[in-house]
Amino acid sequence: MAATMELRCWGGDWGLPSVHTESLIVLAYAKFSGATITVTPIDWTWKTLTGTVPELVYQGSTITEPAQILNFLRKQQRFNADYELSARQGADTMAYIALLEEKLRPALLHTFWVDAENYANLTRPWFASRSPFPLNFLVPGRHANTALSRILLTKGESPLHTITEVEGKVGQIPLHTITEMEGKIYSEAKECLNLLSHRLGMAYYFFGNTPCSLDAFVFGFVAPLHKASLPSSPLQSHLRQLDNLQRFCDHILNAHFSSHPGSPQPVQETVDANLQKLTQLVNKESNLIEKMDDNLRSSPQHKPLRADPRPSLGNDKSSTPA
């Protein structure tokens, strides 16, 4: 019997099998290639051996990072979603993945982890609610610091690792410089989305009629931006104008993840559940009304009055005309 491959990743929400980009990439590729993987949602990432997710565990060995996990599935397990790609398409796949990492990832990190409104109202509460005390106070801040460090590193700045270093670094940068940096990040991300939209066109997938690793990467990057209820996001507003990329994400969710826990219930099940709740409510009200009526009938001040007896026809002598 073949050993089971276990994938540890962040759990799902917002109608997604996972809210984590790297986890989404691996989950999508596993679906595309037909790999059988046991998915274990890890809400507390420090429980994993490496402290990072996604993490693929197989026969005592652990593989991290989407590129390494996909390479393991292709070469070691023969689950290859790219076997039909030509050499040119393979080269294009590598180029587009590099574009995603360079242009889109910084904007996504900024959107979810650096933007104050999104972080306070969506990102931090979500990750804090899925971490035990006292780590619920530490895990979101740890991820936020890592995200900011990665943005600065991608843009040519030195990496930062602690909140003190982050605050000190930001204090040294003029406000207009920070604004210009953010503007450049989002401008490049919008251009990246435009290129992806143009390349996809009206097709369901980027190369042919079957999904490949590029589809997994684009899905992992774009789906959280598409599905999350962000209070503030110019990048999400731009994505709303690219109908084909939104349709791309929805198609993958419907075709490959229709039964994941984050998917909505079927309409009929929802109607039946609502009808059942309504029936229970009506029964409770009926029982309450019946109980109140019994109490009123049994109370002394509301006893029914005895009617005066009316004379019978047989005893009334003047009842018959003479």
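A: Happy to! Please keep in mind that this is a predicted model. Let's begin with the largest pocket, which has a volume of about 820 Å³. Its lining is made up of 31 residues, and those nearest the centre are His20, Glu22, Arg105, His143 and Arg150. Sorted by class, the lining has 16 nonpolar residues, nine polar ones and six charged ones.

Where does the lining come from? Helices H1, H2, H3 (87-114), H4 (116-129), H5 (139-154) and H8 (213-227) each provide at least two of its residues. H3 gives the largest share, with six residues.

Now to the pair, H1 and H2, both of which contribute to that lining. As background, two packed helices are described by the angle between their axes and by the distance between those axes. Here, H1 covers residues 21-33 and H2 covers residues 66-75, and their axes come within 9 Å and cross at roughly 15°. Angles under 35 degrees count as roughly parallel, so H1 and H2 are roughly parallel to each other. Their crossing is right-handed.

Which residues make the contact? On the H1 side they are Glu22, Ile25, Val26 and Tyr29, and they meet Pro66, Ile69, Leu70, Leu73 and Arg74 of H2. By class, this contact has seven nonpolar residues, two charged ones and no polar ones.

Definitions and conventions. Residues numbered from 1 in each chain as written. Predicted model: local features only at pLDDT ≥ 70, side-chain atom pairs only at ≥ 80, totals over all residues. Heavy atoms only, no water. Axes fitted to C-alpha atoms, helices over the stretch in contact; angles between N-to-C directions. Helix = DSSP H or I, 4+ residues; strand = E, 2+ residues; numbered from the N terminus. Parallel < 35°, antiparallel > 145°, perpendicular 65-115°, else oblique. Left-handed = near helix turned anticlockwise from the far one by under 90°. Contact = heavy atoms within 4.5 Å. Nonpolar A, V, L, I, M, F, W, Y, C, P; charged D, E, K, R; others polar. 1 Å grid on protein atoms, 1.4 Å probe; cavity = no way out; pocket = protein on both sides within 12 Å on 5 of 7 lines; lining within 4 Å. Points joined across faces, edges and corners; volume = space filled by probe spheres on them.
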